[in-house]
Amino acid sequence: MEDLAHASGATVRTIRAYQDRGLLPRPERRGRSNVYGDTHLARLRQIADLLDRGYTLASIKELLEAWDAGRGLGGVLGLVAEVSGPWTDEEAARISRADLDATFGGVPDEQAVRDAVELGILERIPGNDSEFLVPSPQELAVAAELYAAGVPLGAISGHLRELRGQVEHIAARFLDFTTEHVFARYLGHRPPTDADAAEAAGLVRRLRPLAQQTVDAELARAMRLFATRHLQRHLGAADPIAPSGPDPRPVALPADTVSAVESLVGSENVTAFISAAAQREVQARTLDALTAHHLSTD
């Protein structure tokens, strides 16, 4: 067992715990010795890989039991790799602390760095205080452009926190939608068969770009709509400028939100109330941005 622990990187205590849970086969008994082989080492590495991907020991046990029963695990592991792999072609980069400070005004801002690390825009490199890892150079470039346009770093961090919550909601809804209408027939039993998991992995590859394309198209439509309204309001035009393209589609709201609004204003006024609330929020943010820009200029 000590040799297996050394080869796998697991502790003896962990190996015993896996054996007690039925995750790891018992060793072969040879005389007075317990002998572990390549099968045990491979199993430990599979368990470690699945744990790194966020699977619980209970779910790992189900997968391994299915594999041991002859149902196969190649397709399942392929699906795990497809879902857990990168969802963008963007490659991480590095930036020195000096270049980072120069990009954002030339004056070190420790709070801004802490915010960026917390949000994952920057990652600290162990043992290296002079550089940061940048998981998404595009995201950092956007922050730099906003700062150059006069947006304070604190406002950028706050905006990203809010935006991230909204985008995560969109991602969850897209996954719920595709699971209900596409993946349910492949993942309806646990664990899925090897063939079903392999086919589901192929679908992930095909559907992966659709979420990005849908969000890009809808964001472009919404930006055109609201930018036109902003321009009309700031120029003081007498008549609203009609946005080009089709009319905006209805927005799905949580049932709890609709019920709360109904209790405030009545069912007949729900649409008008939500529209007015959204417009007020947009106006408030515009005023905040203009005020922040004016103060930073002063």
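Q: At the start of α7, which backbone nitrogen does a side-chain oxygen of Asp-109 reach?

A: In this predicted model, a side-chain oxygen of Asp-109 comes to within 3.3 Å of the backbone nitrogen of Gln-111, at the start of α7. At the other end, α7 is followed by Gly-120, which has a positive phi, near 85 degrees.

Q: Which residues of helix α7 are buried, and why do they lie on the same side of α7?

A: An α-helix has 3.6 residues a turn, so residues three or four places apart point the same way. In α7, which spans residues 110–119, the buried residues are Ala-112, Val-113, Asp-115, Ala-116 and Leu-119. They lie on the same side of α7 because the arc they cover around the axis is only 160 degrees.

Q: Which members of the largest nonpolar core touch the most other members?

A: A nonpolar core is a set of buried nonpolar residues joined through side-chain atoms within 4.5 Å. The largest one here has 17 residues, and Ile-95, Leu-100, Phe-104, Ile-121, Leu-122, Phe-132 and Leu-140 touch the most other members. Two or more residues each come from α7, β5 (128–134), α8 (137–148) and α9 (153–187). Of these, α7 gives the largest share, four residues.

Q: Which residues is Leu-100 in contact with, leaving aside its neighbours within four places in sequence?

A: Leu-100 is in contact with Ile-95, Val-113, Leu-122, Phe-132 and Leu-140. Another core, of 15 residues, lies apart from the largest one and includes Met-1, Ala-5, Leu-41 and Ile-47.

Q: How many helices and strands are there in the protein?

A: The protein has twelve helices and five strands. Of its 298 residues, 26% are buried.

Key: Residues numbered from 1 in each chain as written. Predicted model: local features only at pLDDT ≥ 70, side-chain atom pairs only at ≥ 80, totals over all residues. Heavy atoms only, no water. Buried < 20%, exposed > 50% of the residue type's maximum accessible area, 1.4 Å probe, protein only. Arc of directions from axis to C-beta. Polar contact = N/O pair within 3.5 Å; in protein donor to acceptor, adjacent residues only side chain to side chain. Contact = heavy atoms within 4.5 Å.
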